[in-house]
Structures are given as C-alpha cells and as structure tokens.
Amino acid sequence: MIQFRALTLARGARRLIENLSLQIHPGWRIGVVGANGSGKSSLFALLRGELHQDQGDLDIPANWVIAQVAQETPALAIPALDYALEGDAELIAIERELAKLEAEHVDGHRVGELHARLQEIDGYGARARASALLAGLGFSMEDLQRPVSDFSGGWRMRLNLAQALMCRSDLMLLDEPTNHLDLDAVVWLEKWLAGYRGTLLLISHDRDFINACVTHIAYLDSQKLTLYSGNYDSFEDQHAEQLAQQQAMFVKQQREAAHLQKYIDRFRAQATKARQAQSRIKALARMEKVTAAHVDTPFDFSFPEPDRAPDPMVTLRDITLGYGDKTILQNVKLELRPGARLGLLGPNGAGKSTLIKLLAGDLAAQGGQSLFGKGVVLGYFAQHQLEQLRPAESPLQHLVRQEPMTREQDLRDYLGGFDFRGGMADTPIGPFSGGEKSRLALALLIRHKPNLLLLDEPTNHLDLDMRHALTKALAEYDGSMVLVSHDRSLLRTVCDDFLLVADGKAQPFDGDLDDYLEWLSARRAREATANVDTQAASDKASRLQARADTAADRQAKLLRRRPLVKELEKLEGKLAKLQEEKKQLDAKLGDPELYNGPDSKQVPELIKRQGELSQGIDEGEERWLEIQAELEEIGEL
C-alpha cells in the first residue's frame, strides 16, 4: 500500500500539494487528472524518488518494483525485440549469469537454481510476451529484428512503452502514454492496462482511454488531491454535483445551450444546413453532461464565422500518393463540399497524415488531379508545425506579427481565451510545454478565419479542459473539416462522416466509430491468425531444417568416424601382437640360462628387438589416444 501522511510538496516557492493524507491500495488503477501545471508530473517524480516532500511522509513498500516509460531512447544497434525484453531486469540478469556459467562449465548447482527461477517468472515465454506487446503497439513481425536506431522518435517512444509493460512491476507510472499511438494501439493498450494486476497511476487527457483503464480518479486542484471512486465519467458526475451549487454554472450552461438550441430550431428544416444542425444537436446532448463539470475551465473560445466557401471546395480524382518510389495510396477519389465534417480512420502508417498533407499542399501527388475551389481558406494543424513557432517570441508577438494593424488589447483579450493571460502573453515561448505550444498554434490558426480545417492529431499534449473547449468550438464551427485523431470523444462529437484509409485505399466508411472499433478488432484477429499461421509455417520449416541439419551432421560424423574406427581396430590388433611378442621376449631375456647357453650370441639382437617393440608399442598407444580424443570430439551418432 502507498500511504501519504500530512504530505506537502513544493517546487521552489510554489506549493503544489498541501497536507495530503491518502492511501492507495494494491491493485487500484488511478487516473490522475488536473490542469496543466497543477503538479501531476511532480507527483510522479515524488513517487519515483526524484523529488522529496517538504513536509509529511510517503511510504511505499521497499520491495516494490516501479515501472515507468523512459523519456530518452539511445540509438542502439540491438533488435527492437531485445530492447523490449530489457524491461524485465531480473530476466536479463538471469540470462546473462546463465550464459556465463554454462560457457565456463562451472557451478552446476547455481545453474539449476537459475533455471528454476526462470521457470517461476515464466522466463521461457518472455520472448513470446514481448512479441505480443510490440504487435499490440503497432510493430510488424519484420520490425522485431530491426535495430532500435532505425526507428523514428515516435516509434522509439513506443519501444520505451513496451519496455515498461514488460517489467513485472508492482507499481506502474504512465504519463500520457497515448501521445505517440494511433487509435488501434490506444484501444489495445487500454485493454492491456485493464488487466494489469499491479497498482497503476495514469496521467492522460483522453477521457475514453481513462474510462476504460481506471478504477479511481485522483483530482489535483488548488493544492489538494481528492480521490473519487469510478472512472472519469463517474468523476465528472460527482464533481458536477459539487459545482452545481454555484449559480454561475447554471447561467453559463443555460446561455450556451440556448445559443445552440436557437441554431437548431432555425436551421433544422433547411436541407443546406441540416448537417450543421445535427452537429449542434450532438453538441447540446454532450454539453448536458460535460459543461457542468468544466464550468471552472479557463478556456472559452469559438471559431469566427468563415467567409462563404466554394462548392465543391476540394475534388480529388484518381490520386496516387507516396514518398519517392514508395506508393501509399492509389485511386483516391474525394469531394469535399461546404459543411463537410470528415474523420479519417485507419491503422497506423496507412496514409491518413499523407492524405492530410496533400490537402494542405505540403505534399504533391504522384498521379491524378487535385482541384481546389476559389476562395478556400485552409487552416492546417499538425504537430510538426509547433517547430515553426519562434522560441524567442511571446504569444503576443506571434499574434502581432500575424495582425500588425489590430489593437494590442484586442489581441490580449483573444489570447486570454487560450489561457495566455497577464505576463504569460509576453513570455518567450521557448520553455513552454507541448500543450502550451499547441494552444498557441491553434490560436494563430483560428484567427485566419479558415473555411476548411485540416487537423492532424490536434489534441496531443492538450489537457482535458482544453480538449473540451476545442471539442465544443469544433462542434459549433460553421466551416468544413478533415480530422485525424485518436481521441474518440472528439471524433464522435464533431465528425458526421468517416473515410477509411487502409490497404492502399481511401474509401467512405459506412458506419460510426463503434463500427470502426469492431472493424479494427476483426482486422487484428485476422492478423493474429495470419501471424500464428506464419509462425507455424516458420516453426515447421525450422523443424524440417533442423532434421536436415541433424542428418547432415550425422553423415559428416560418419565420414569422419569411419576411417578412425577402422584405423583403431587395426591399431589395437597390431598393439596386441607387439605386446604379446614383447611379453615373450621379456620372459626369454629374463632367463639366466640364455646368457650361459649356446644362444648367448643372440642376446644383443634380442635386446635390440626388445627396444624396437617398446618403441612400436609407445607410438601405437600414443596414436590410440589421439584417435580416442578425435572420436570423443566427434561425439556419439
């Protein structure tokens, strides 16, 4: 059990947690939520022993193994599978000690102990478990033997996550584990974590992911950590009850609901606005559950009404897309009309971001025709665009550069809606977090009044409050949109149609997000079966090859043994004769009568023969030992 007793934690002069008394029992899976900067990551650092409390006590069982995701991945030459296996430190230590002892042929008792421990920790199945983890996180069978240095930064983070999952831990600390995952991997990970038997503390801003993984929510706000039973939806209900007593919540919720209802009532019957009206209906239903729990959010913004858009806005005809000699998508046909709200679905690497890049003008087609209507104003958001922000400039300077003629106070008011208030609006953005930079990039994008939004994972690094504000703003947005995201809540709320990007094609998907998750599950099952079949075929081939190798080895041994055995038989016969002759000669030379009798003249010749026999026997016995050594080296057949 983890126990906090009257604990206070500060960073410098700023107190993050004050007078915390709390128990966390083994097996609890806790989602840690709170605004950016509230102290969630500092709490994790405290549990890892990297920070120390300022007051009070923290007790963690001394024998607990703590798993976490490393933030750096060296460019190693070892295969991805071996890198993942290193997450189990005890397994690696046992294997290394075993290899050393078995190579030296020493300490058989210790070797036996190590093999017994391997059996206890299921070490013999570790490679299979690591392979399954990597497959779940999106790695192909071919990837398993690729060196770590071959992978990009995002894929290396997946390898670090695999290492953490391989660790047979008592406590797992995961800080935004889904940031580098696609929807397929996110769904797989949440199922894996739901079956985790240790104690889990999870920081995530993906509400669906938290809902599927946790048994409790720890809410960090105003230097207090409050524990709630249930998942995130349950926490929102409980938290909303607490906030419901604040009159301001009702006023704000009623005002926003009235605004949406007015739009619905006005345009529900108009065919040209029917789709937008349906989006407002979904947003209103969502607001009834969410808005109350987020009444205290610092974010509140909306997209300005875009200028009139052409019809159609974008037409793609038989487009072929790829990079260099590699083709990713073929025969892509797409027509985006005003009011389109399109979500791109598909496995990782299938081409979703590639298609977005084509629409944004960042990638030329390999073939086909792209037509953009006159008057299309693009608003493109992708994570790599954060690198184009100027680190030495403040949020206000970025906005002034974009709109030099607008009043500074108007720009400050606008930035305040994205929580860049007071001095933060004037602070250089270099030290900003990924979430703060994403907020700024979104603020700059929105000011352009785009009528076509292209959003590639816009919620990465955004906290739950900002995700809620973005979801609400997109639900009310009057323009067109193409969205790639692993945030299911965002996809469900803002998308009316889906395009399935998979297997080299981009085709309309006839279904909702739940249907897509079923499609993903079926696809994963097929791939697993195919992998099993492939592995079975590989195992059969390996067995056949092993038999062939054994037969070839036996034949080679026979070819080496046969002449040695024949020579040994001849040598043993020859030695027997020499030894028998020497035995008789020794007896004759040992008879005193020989030296006094008529045969005394033969003595010199007999002694010479005795020496020849001794030398022959010595040489024969030496050769006999050499043959025996060679036969032992060859081994039994």
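Helices (H or I, at least four residues) and strands (E, at least two) here are DSSP runs, numbered from the N terminus. This is a predicted model, where local features need pLDDT of at least 70, side-chain atom pairs count only at pLDDT 80 or more, and totals for chains, interfaces and linings use all residues. Residues are numbered from 1 along each chain as its sequence is written, and side-chain values use heavy atoms, with hydrogens and water left out.

Let's start with the peptide bond between Asp311 and Pro312, which is cis, with omega at about 0 degrees. Pro312 sits in the loop between helix H11 (274-290) and strand S10 (314-323). For context, most residues other than glycine have a negative phi, and most peptide bonds are trans.

Two aspartates go positive in phi. Asp318 has a phi of about 50 degrees and belongs to strand S10. Asp503 has a phi near 55 degrees and is in the loop between strand S17 (497-502) and strand S18 (505-509). As for accessibility (buried is under 20% relative accessible area, exposed over 50%, partly exposed in between; 1.4 Å probe, protein chains only), Asp318 is partly exposed at 39%, while Asp503 is exposed at 59%.

**Salt bridges**

Counting a side-chain nitrogen of Lys or Arg within 4 Å of a carboxyl oxygen of Asp or Glu as a salt bridge, the structure holds 38 of them. Here are a few, including their N to O distances.

| Pair | N to O distance |
|---|---|
| Arg129 and Asp122 | 3.0 Å |
| Arg447 and Glu403 | 2.7 Å |
| Asp426 and Arg412 | 2.9 Å |

Glu403 is buried at 16%, whereas Arg447 is partly exposed at 24%.

Asp426 and Arg412 also pair up through a salt bridge at 2.9 Å. That pair links distant parts of the chain, 14 residues apart, with Asp426 in the loop between H14 and H15 and Arg412 in helix H14. Asp426 is partly exposed at 39%, and Arg412 is partly exposed at 23%.

**A UniProt annotation**

An unreviewed UniProt entry lists residues 561-588 as "coiled-coil region". In the model, residues 561-588 are 100% helix and 0% strand, with the end C-alpha atoms 40 Å apart. UniProt positions follow the numbering used here, feature names are shortened, and annotations may be inferred rather than shown by experiment.
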